[in-house]
Amino acid sequence: MDEFNLHMTGDIHAITAANNLLAAAIDTKAKRFARLDIDPESITWRRVMDVNDRFLRKISIGEGPDEKGMVRETGFDISVASEIMAVLALTTSLSDMRERLGKMVVGNSRAGEPVTADDLGVGGALTVLMKDAINPTLMQTLEGTPVLVHAGPFANIAHGNSSVVADKIALKLVGPGGFVVTEAGFGADIGTEKFMNIKCRYSGLTPQCAIIVATIRALKMHGGGPDRAYTTENVALVEAGCINLARHVANTKAYGVNVVVAVNMFSTDTEAELNAVRDAALAAGAFDAVVCTHHAHGGVDLGLAVQRACENVNQPLKFLYPLDIGIKDKIEAIAKSYGASGVEYSELAEKQIEMYTKQGFSGLPICMAKTQYSFSHNAASKGAPSGFMLPIRDVRASIGAGFIYPLVGTMSTMPGLPTRPCFYEIDLDTATGKVIGLS
């Protein structure tokens, strides 16, 4: 656990180094920078670090005496929100990664032309820094099942899915009769939507089944209960919260895949509550709903349900939108799946959409950056809200990764630490060398 959570794969370290090399190349006063005539106001590339630090969300750089008036306002993102992480997760080979890294757009010239990493002459060096990170790390589950750990694009900002390379290696290893389970983070509104409309488009891979994980506690919260842990039976609250699960099931089924609901059971859950979730899932159109006690008893029951679901698929994969429609049309199609009645664009968002369309990027898929706590932009809006207007405050582009990403509401690309961060619990047993409190 400690190796997994700290430095094991090295992917994030490589991404941080590559990302910040590109940032340094942008800000340098070399002749090539002057020839490109970058408009400082247009620079979208930000430095990153793998620490939640809200005080770095907005900073000024170039304050030193040698920078000669090169001061500008910028900020830090969390490393997993870097476009380089998204590139790693969507790439298919070293040559493909080299091309994607070189195509990353960092800003515009004063004439309005996009400026890329290759324009700055740094695409090759980025690839060198990332050449080992393209290899997945092999681990295993508690039941001894092989697991390929690779990439972790921030599911709010990027597409929130494990890598195409790992999926393809796994499919080759299991053979024609085998099964590969891959992760799409943060619900049907974020992870699943991006998996289908972005990852499946670029990988050419088609899923047969989607597993939606639910818990009694989360459904009670979506039913209107207080935002805290639940330890006493309340079937009515569970049933009310299942409106959230039902929308996730419906959204996922719309892609043409079967849905299996995995109810992750806690010791305080009751049979009546579990039955309520199972009944609601089946009523919403799930192929099956399985009560899961993986840690105690293993995952065989869920595995068998997934096998049956995969063997009973009789329709092709359907995308939520075609690529040849406008940026706004795609955004609005996704917003509708959230339950929104429409979309509001800020003046900045309107300007960015116009620019990206003019630059020829309107054919890319959309990667919505929004909260994972609600179908809407408001984290406090539980259940299955509808009829709201979805606010788009900014629109940015990850051209190397291959998507446009609108920022919904107040979504931040640099998280902050909670009131009591987990580092309070972590220490090292100096006698044994074992890490304490990392779970």
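Is Phe186 buried, partly exposed or exposed? In this predicted model, where residues are numbered from 1 along each chain as its sequence is written, local features need pLDDT of at least 70, side-chain atom pairs count only at pLDDT 80 or more, and totals for chains, interfaces and linings use all residues. Side-chain values use heavy atoms, with hydrogens and water left out.

Phe186 turns out to be partly exposed, with a relative accessible area of 35%; on this scale buried means under 20%, exposed means over 50%, and partly exposed is in between (1.4 Å probe, protein chains only). Phe186 sits in the loop between α7 and α8 (187-203), where helices (H or I, at least four residues) and strands (E, at least two) are DSSP runs numbered from the N terminus. Its phi is near 65°, a positive value in a residue other than glycine. Most residues other than glycine have a negative phi. Ala151 also has a positive phi, about 70°, although it is not a glycine. Ala151 belongs to the loop between β8 (146-149) and α7 (164-174) and is partly exposed, at 21% relative accessible area.

Next comes Arg46, in the loop between α3 (31-36) and β1 (47-49). Arg46 is buried, with a relative accessible area of 18%. Its side chain makes a polar contact of 2.9 Å with the side chain of Asp77; such a contact is a pair of N or O atoms within 3.5 Å, where within protein one must be able to donate a hydrogen and the other to accept it, and residues adjacent in sequence count only if both atoms are side-chain atoms. A polar atom of the Arg46 side chain also lies 3.2 Å from the backbone oxygen of Phe76. Leaving aside residues up to four places away in sequence, Arg46 touches residues including Asn19, Arg57, Arg396 and Thr413 (contact means heavy atoms within 4.5 Å).

A cavity here is a set of points, on a 1 Å grid over the protein atoms alone, where a 1.4 Å probe fits but cannot get out, and lining residues have an atom within 4 Å of a point. The largest cavity has a volume of about 210 Å³, volume being the space filled by probe spheres set on the points, which are joined across faces, edges and corners. Of its 19 lining residues, Thr44, Trp45, Ala81, Glu83 and Tyr405 are the closest to the centre. β13 gives the largest share of this lining, 3 residues.

Key
On a 1 Å grid over the protein atoms alone, a cavity is a set of points where a 1.4 Å probe fits but cannot get out, and a pocket is an open set with protein on both sides within 12 Å along at least five of seven lines; lining residues have an atom within 4 Å of a point.
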